[in-house]
Amino acid sequence: MDVIFSGIQPSGDLTLGNYLGALKNFIPFQDKAECFYCIVNQHAITVPQDPKLLHERTRNLAALYIAAGLDPKKATIFVQSEVPEHALLGWMMICSAYVGEMERMTQYKSKAQKQEKKNGFIPLGLLTYPPLMAADILLYQATFVPVGDDQRQHMEITRDLAERFNRKYGEVFTLPEMWAPEGGARVMSLQEPTKKMSKSDDNEWATIHMLDEPDVITKKIKRAVTDSIGHVHYDKENQPGVSNLMSIHSAFSGKNFEEIEKMYEGQGYGVFKKDLIDLIVDQMSPILSRYKELMGSPELDSILDEGAAKAHARASITYNKAIHAMGL
Ligand code: ADP
Ligand code: NA
């Protein structure tokens, strides 16, 4: 049976990018594979975090996983720091990695630059982020990792590190494959559509959050940048804003770009945007109401306790194999 692992950082309010690129795709696997879905709070602390806020966001993200459709009876839902093997194997993977290959990672380069500008220093954790992510995945011997397109390079380095380890110390790790959706793998900013939509964007108009109320979603889509060309056409080069909205439409409606172009032939962006708002609101508002219900229930703590226990049982098997292979 396939084993699925994925995680999201509790580093801000989840966006439509996180939903379409990752969380939405977690759900179908729970009926056909063994699933481990993690809230990766140790990745979040690779940049400075406010402790109280981080704690709250960790809990909120667990509720959001469930509100989005994850069933704790079918999938193991847990917090990374509650399973110590993540940090422990993370160290082994750090020791298998090279400084040069880490410095070449595009996420490192962009986040390092941002942090240096903002705080005047580059946290070392940003450099060692990929080996920790490799450990997360390899601990469960995952076969598939559902993530957005921005994680492609991290998935490659995960496979490289696993292969390098296996070659040197014997076959310990399964080589995981990335699983990216056809639509929504890279949702772009609504204001600067050449940049990915990110939960850490400071411009509130750039990002739709999973928990935005319908009227907020409406305002944000209405304000989303388009162009003066005036027809709904997929062309990332010349119409990046419209193309991004089309890929969001496609992810929600299941229609391909050609079908969407046909639907709005001869019409301006107004009708298209109105339909898009309806599509988003229809799918997101049940999640919003389930989320509100869950937040008030004490269930969440026991779900996370049980999740951590199940994850730990599995992770410790792989971890023990790895340290024995390394001579520790
Ligand atoms: P962020 O980059 O928003 O801080 P994370 O690093 O926690 O989010 O990533 C969580 C998951 O969301 C990953 O699988 C990532 O690929 C996916 N993801 C993040 N942003 C986008 C986006 N704009 N489009 C598609 N998927 C995304
Ligand atoms: Na990311």
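**Exercise 1. Helices H8 and H9**

Task: In this predicted model, determine how helix H8 (residues 129-138) and helix H9 (residues 152-169) are oriented to each other, and which residues make the contact.

Solution: Start with the geometry. The two helices pack at an angle of about 70°, and their axes are 9 Å apart. Angles of 65 to 115 degrees count as roughly perpendicular. H8 and H9 are therefore roughly perpendicular to each other. Next, list the contact. H8 supplies Pro 130, Pro 131, Met 133, Ala 134, Ile 137 and Leu 138, while H9 supplies His 154, Ile 157, Thr 158, Leu 161 and Ala 162. Finally, sort by class: the contact of H8 with H9 has nine nonpolar residues, two polar and no charged ones.

**Exercise 2. Helices H3 and H13**

Task: Classify the packing of helix H3 (residues 51-67) against helix H13 (residues 269-295).

Solution: The angle is about 130°, with 9 Å between the axes. Roughly perpendicular ends at 115 degrees and roughly antiparallel applies over 145. H3 and H13 are therefore oblique to each other. The crossing of H3 and H13 is right-handed. On the H3 side the contact is made by Ala 63, Leu 64, Ile 66 and Ala 67; on the H13 side, by Ile 287, Arg 290, Tyr 291, Leu 294 and Met 295. By class, this contact of H3 with H13 holds eight nonpolar residues, no polar ones and one charged.

**Exercise 3. Helices H4 and H14**

Task: Work out the orientation and handedness for helix H4 (residues 85-96) and helix H14 (residues 299-326).

Solution: H4 and H14 pack at about 25°, with axes 10 Å apart. Angles under 35 degrees count as roughly parallel. H4 and H14 are therefore roughly parallel to each other. Their crossing is left-handed. H4 contributes Glu 85, Leu 88, Leu 89 and Met 92 to the contact, and H14 contributes His 312, Ala 315, Ser 316, Tyr 319, Ala 322 and Met 326. The classes in the contact of H4 with H14 are seven nonpolar, two polar and one charged.

**Exercise 4. The shell around ligand 1**

Task: Describe which residues surround ligand 1 and which helix gives the most to the shell.

Solution: The shell has 21 residues, the closest being Gln 9, Gly 17, Gly 21, Val 147 and Gly 148. Helix H1 (residues 16-29) gives the most, with five residues. By class, the shell of ligand 1 divides into seven nonpolar, 10 polar and four charged residues.

Methods:
Residues are numbered from 1 along each chain as its sequence is written. Chains are lettered from A and ligands numbered from 1 in the order in which they are written. This is a predicted model: local features need pLDDT of at least 70, side-chain atom pairs count only at pLDDT 80 or more; totals for chains, interfaces and linings use all residues. A residue is near a molecule or strand if its C-beta atom, placed from the backbone, lies within 6 Å of it. Helices (H or I, at least four residues) and strands (E, at least two) are DSSP runs, numbered from the N terminus. Ala, Val, Leu, Ile, Met, Phe, Trp, Tyr, Cys and Pro count as nonpolar, Asp, Glu, Lys and Arg as charged, and the others, Gly among them, as polar. Axes are lines fitted to C-alpha atoms, for helices over the stretch in contact, and angles run from 0 to 180 degrees between N-to-C directions. A crossing is left-handed if the near helix is turned anticlockwise from the far one by less than a right angle, and right-handed if clockwise. Two residues are in contact if their C-beta atoms, placed from the backbone, lie within 7 Å.
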